[in-house]
Amino acid sequence: MVESYDRIHGRLTGIQRIKLFLPPTPVIPKWKAFIRVLNSIPNDQKVEMVMAKMTEHKFINTEHSASIVVDMLELTNRYVTTYPDDSEVVALQRVPDYLKVVENGALLHDVGKLNVPINVLKKGELTNEERMIIQKHPQNAVDIFGKVKYLQTLLVIALSHQEKWDGTGYPNKLKEKEIPLLGRLFAIIDVWDALTTVRAYRVDKPAWTPEDAIAHIKDQSGKYFDPTIVTLFVKMYEEKQLLIQKSLEDDKTGN
Ligand SMILES: [Fe+2]
């Protein structure tokens with residue numbers, strides 16, 4: 001925690017890096033009172049309280065959040081069972097109640113958008129300045145909530161979900177496995193959800209079909225996304241499709 005991120009960057013993997021991703025930044029003055037409230041309530045209520053704040057800011061849709069969490073838990077579980085000896089998996093499993101960390105981390109992935117004006121979040125075409133404001137949202141999460149001890153571990157997804165496998169993402173331009181496992185997993189879930197649902201910043205455009213979204217994710221394998229995780233995600237999608245088909249056929253035949 002005291003070492004600078006740059007100095008130790010690359011020498012540690014996965015969950016070990018979580019704390020190192022959280023530089024000791026000052027709490028933004030307007031959040032001080034809220035942080036005081038968070039620190040005074042039990043840990044299991046902190047996430048609910050932050051979610052309530054996100055809902056108040058009107059960028060959160062609880063239905064989307066639920067499907068994001070379900071998909072993220074399933075993908076994480078598939079990764080963990082497929083690669084049990086992977087050093088990041090081993091480290092992740094050492095975290096107490098790690099599936100809860102995954103769940104709450106997924107729920108709070110865009111918590112840094114609390115510091116982005118709602119009119120910017122809902123805008124389609126952005127100016128360069130507005131884009132820069134939006135691109136601060138991963139770091140905002142840490143700047144605002146990194147001081148709340150219980151939330152620190154949950155912020156790894158918030159800080160790393162916009163990084164890209166080829167190093168062209170933000171905020172730290174991390175590359176390949178420099179990006180924490182949970183960030184690499186969540187990046188696909190986030191893009192899948194963004195493409196297959198109607199978003200506030202493009203209400204006039206229909207959501208993509210699942211087939212088109214899958215084709216896009218495959219196309220971005222090795223560019224935006226970790227190729228290993230793309231393979232797992234595509235398999236997960238295909239298996240779900242088979243289940244849906246089967247239940248539709250069962251409905252027809254009355255089984
Ligand atoms: Fe985001």
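1. Confidence first. The protein chain averages a pLDDT of 86, and 87% of the residues score at least 70.

2. Ground rules. Residues are numbered from 1 along each chain as its sequence is written. This is a predicted model: local features need pLDDT of at least 70, side-chain atom pairs count only at pLDDT 80 or more, and totals for chains, interfaces and linings use all residues.

3. Overall make-up. Of the 255 residues, 30% count as buried. Buried means 20 or more other C-beta atoms within 10 Å of the residue's own; exposed means 12 or fewer; partly exposed is in between; C-beta atoms are placed from the backbone. Among contacts between residues at least 6 apart in sequence, 68% join residues at least 24 apart.

4. The core. The largest nonpolar core holds 41 residues. Such a core is a set of buried Ala, Val, Leu, Ile, Met, Phe, Trp, Tyr and Cys residues joined through C-beta atoms within 7 Å. Met 72, Ala 141, Leu 155, Leu 185, Phe 186, Ile 188 and Ile 189 touch the most other members. Helix 12 gives the largest share, eight residues. Beyond its neighbours within four places in sequence, Phe 186 contacts Met 72, Ala 106, His 109, Ile 157 and His 161.

5. Helix 12 against helix 13. The axes of helix 12 and helix 13 (residues 210–219) come within 10 Å and cross at roughly 145 degrees. Axes are lines fitted to C-alpha atoms, for helices over the stretch in contact; angles run from 0 to 180 degrees between N-to-C directions. Helix 12 supplies Ile 188, Val 191, Trp 192, Leu 195 and Thr 196 to the contact; helix 13 supplies Pro 210, Ala 213, His 216 and Ile 217.

6. Helix 5. In helix 5 (residues 87–94), Glu 88, Val 89 and Leu 92 are the buried residues. They lie on the same side of the helix because they cover an arc of only 100 degrees around the axis, taken from the directions from the helix axis to the C-beta atoms. Their cover includes helix 4 (62–82), helix 6 (98–107) and helix 12 (181–196).

Conventions
Helix = DSSP H or I, 4+ residues; strand = E, 2+ residues; numbered from the N terminus. Contact = placed C-beta atoms within 7 Å. pLDDT = per-residue confidence, 0-100.
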